[in-house]
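Hello,

Here is the structure I promised to hand over. Please open it next to this message, and my notes follow below.

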Amino acid sequence: MSVDGKSSITLMKTSTEVYSICPYDVNRFIVGTVGDRRHARVIGLNGQESDIHSLTFPNKTYYAGCCHCTYLPSDGVLAVTDYLEDTVQLYQIGPGTSRTVKDDRIKLPEGICGAQGRVFVASRGTDRVVEMTVQGEIVKCHDVRMKEPCTISVTQDGGHMVVADCVGGEDTTIKLFKMDYA
């Protein structure tokens with residue numbers, strides 16, 4: 001969809017099936033793909049699609065729910081979850097380097113977001129949110145006291161975190177947390 005200056009919303013067709021989306025710059029988004037060997041692509045407000053040419057992704061195809069991504073523009077880092085491999089891949093856009101984060105505290109990683117040089121991963125298999133640096137160092141595990149956290153967002157100042165679970169039905173929970181870094 002696109003939104004013009006008058007707040008009109010227009011549906012745009014793309015060739016890429018998308019499962020996650022985050023801002024890239026003022027005119028483009030990075031999207032996590034479904035059924036595509038390019039795990040993330042760039043889509044402009046005009047619907048134009050392009051690859052992230054500096055990155056080489058593993059030769060595998062993800063399906064819905066198995067791969068989410070987020071981009072931290074101040075660090076030039078694209079973070080991608082791999083639900084089935086229990087990993088987070090950190091790509092440095094530009095140089096095209098990458099680092100794989102595999103740790104027992106990350107199981108069935110689903111939702112992912114970033115703020116203030118940190119990456120936050122909803123670890124569905126441990127019922128926690130894992131916080132790491134953009135270099136892949138795990139700095140904290142947040143006990144969110146909910147079963148199967150799967151969707152997460154953190155305010156850009158890193159002061160608050162919202163987490164939703166995947167239980168569904170009447171047991172669905174959304175919680176807001178104040179982040180304390182004293």
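Asp 127 takes a positive phi near 60° in the hairpin of β12 and β13. That hairpin has 4 residues between its strands. Keep in mind that this is a predicted model. Strand β12 covers residues 118–123, and β13 covers residues 128–133. They run antiparallel and are joined by 6 bridges.

Strand β11 (residues 109–115) pairs with β12 in the antiparallel sense, over 5 bridges. Ala 115 stands opposite Arg 118 in β12. The β11–β12 hairpin has 2 residues between the strands. In its turn, Gln 116 has a positive phi of about 55°.

How many of the 6 residues of β12 are buried? The count is 5, so the strand is largely enclosed by the rest of the structure.

Now to β5 (40–44). Here 5 of the 5 residues are buried, so β5 is largely enclosed by the rest of the structure. Ala 40, Val 42 and Gly 44 point one way, while Arg 41 and Ile 43 point the other way. In a regular strand, side chains alternate between the two faces of the sheet.

β5 also takes part in two hairpins:

- With β4 (residues 28–33), β5 runs antiparallel, joined by 5 bridges. Val 31 stands opposite Arg 41. There are 6 residues between the strands, and Gly 35 in the turn has a positive phi of about 65°.
- With β6, β5 runs antiparallel, joined by 2 bridges. Val 42 has Ser 50 as its bridge partner. There are 4 residues between the strands, and Gly 47 in the turn has a positive phi of about 90°.

Next, the cores. The largest nonpolar core has 18 residues. Among those with the most contacts inside it are Ile 30, Ala 40, Ile 52 and Leu 78. β3, β5, β7 and β8 each give two or more residues to this core. A second, separate core has 14 residues, including Val 101, Ile 106, Ile 112 and Val 121.

Ala 40 is worth a click. Beyond its neighbours within four places in sequence, Ala 40 is in contact with residues including Val 31, Thr 33, Phe 57 and Cys 69.

Last, Thr 56. This residue lies in the loop between β6 and β7. Is Thr 56 buried or exposed? It counts as exposed, because its relative accessibility is 68%. Thr 56 and His 39 are 17 residues apart in sequence and 9.5 Å apart in space, C-alpha to C-alpha.

Best wishes

Note on methods: Residues numbered from 1 in each chain as written. Predicted model: local features only at pLDDT ≥ 70, side-chain atom pairs only at ≥ 80, totals over all residues. Heavy atoms only, no water. Buried < 20%, exposed > 50% of the residue type's maximum accessible area, 1.4 Å probe, protein only. Core = buried A, V, L, I, M, F, W, Y, C linked by side-chain atoms within 4.5 Å. Contact = heavy atoms within 4.5 Å. Pairing = 2+ DSSP bridges.
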